[in-house]
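Take a look at the model below. Then follow the text from the chain as a whole down to single residues.

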Amino acid sequence: MSIFTDQEQKIAQQAAKIGRQCGQCSLCCKLLDVPEAGKEDGKWCPHVRPGLGGCSIYKDRPNPCRAYACAWLVTPLPDHWQPLHSHMIVDFHIARKDAGMTMRIHVDPEHPHAWRQEPYISEIRAMAERGATGKPRIPVVIKVGHDRIEVRYDAAA
Ligand code: SF4
Ligand code: SF4
């Protein structure tokens with residue numbers, strides 16, 4: 001029997017198709033909120049071993065960890081968005097079954113201004129424009145620690 005869930009296999013297949021892997025990156029084990037693992041967002045998970053093989057409870061890690069993939073891993077986001085390089089994680093999030101999708105940009109609090117640098121800020125504006133004008137609408141939110149910044153697109157600007 002495989003120790004991998006269907007969702008993990010789908011993520012692995014998509015990452016292979018894009019030609020990417022997590023490698024030494026464990027940044028989602030720092031920036032995301034995973035109550036099931038006893039971690040808060042912005043703080044390293046007590047189970048993580050960054051650069052030492054990732055998760056120390058890998059076989060028993062909780063389902064939200066198994067089901068998670070950042071956008072760099074599974075979409076053609078440009079290479080410079082690699083999380084350890086950019087200090088940011090992009091993902092798509094649906095908070096509730098009846099809610100729409102949000103694009104989240106989690107910024108490492110140790111590099112709180114990373115999103116303001118080029119080429120990121122211009123690309124974030126373009127993402128906000130696509131999110132505001134496409135169907136379905138996908139708002140873009142930047143998260144830095146507990147701060148949340150909605151990126152607005154003004155068609156008249
Ligand atoms: S942030 Fe993305 S690339 Fe880094 S460990 Fe998490 S899923 Fe993998
Ligand atoms: S349990 Fe493992 S995979 Fe999940 S956040 Fe902690 S270190 Fe990362």
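A compact globule of 157 residues would have a radius of gyration near 15 Å, and the protein chain agrees with this at 16 Å. That radius is taken over C-alpha atoms, and the globule rule is 2.2 Å times the number of residues to the power 0.38. Along the principal axes, the C-alpha atoms fill a box of roughly 55 × 30 × 30 Å.

This is a predicted model, in which local features need pLDDT of at least 70, side-chain atom pairs count only at pLDDT 80 or more, and totals for chains, interfaces and linings use all residues. Residues are numbered from 1 along each chain as its sequence is written, while chains are lettered from A and ligands numbered from 1 in the order in which they are written.

Now trace the chain. It has six helices and six strands. Both are DSSP runs, numbered from the N terminus: helices are H or I with at least four residues, strands are E with at least two. From the N terminus on, the order is α-α-β-β-α-α-α-β-β-α-β-β. Helix α1 covers residues 6–18. Its 13 residues reach 18 Å from first C-alpha to last, close to the 18 Å expected at 1.5 Å a residue. The expected span is 1.5 Å times one less than the number of residues. Just after α1 comes Gly19, with a positive phi of about 85 degrees.

How much of the protein chain is buried? Of its 157 residues, 24% count as buried. Buried means 20 or more other C-beta atoms within 10 Å of a residue's own, exposed means 12 or fewer, and partly exposed lies in between, with C-beta atoms placed from the backbone. In soluble globular proteins, nonpolar side chains tend to be buried together. A nonpolar core is a set of buried Ala, Val, Leu, Ile, Met, Phe, Trp, Tyr and Cys residues joined through C-beta atoms within 7 Å. The largest one here has 25 residues, and Cys28, Cys70, Ile89, Val90 and Ile105 touch the most other members. Elements that each supply at least two residues of this core include α2 (28–31), β3 (88–94) and α6 (120–133).

Look at Val90. Leaving out residues up to four places away in sequence, Val90 touches Cys70, Ala71, Trp72, Leu77, Trp81, Met103 and Ile105. Two residues are in contact if their C-beta atoms, placed from the backbone, lie within 7 Å.

Next, the ligands. Around ligand 1 are Cys22, Cys25, Ser26, Leu27, Cys28, Ala69, Cys70, Trp72, Leu73, Pro83 and Ile89. A residue is near a molecule if its C-beta atom, placed from the backbone, lies within 6 Å of it. This shell has ten nonpolar, one polar and no charged residues. The shell of ligand 2 has eight nonpolar, one polar and two charged. Among the residues around ligand 2 are Cys29, Lys39, His47 and Arg61. Ala, Val, Leu, Ile, Met, Phe, Trp, Tyr, Cys and Pro count as nonpolar, Asp, Glu, Lys and Arg as charged, and the others, Gly among them, as polar.

Finally, the loops. His87 sits between α5 (83–86) and β3. Its phi is near 65 degrees, a positive value in a residue other than glycine. His87 counts as buried because it has 20 C-beta neighbours inside 10 Å. Glu110 lies between β4 and α6. With 9 other C-beta atoms within 10 Å, Glu110 is exposed. A cis peptide bond joins Glu118 and Pro119, with omega about 5 degrees.
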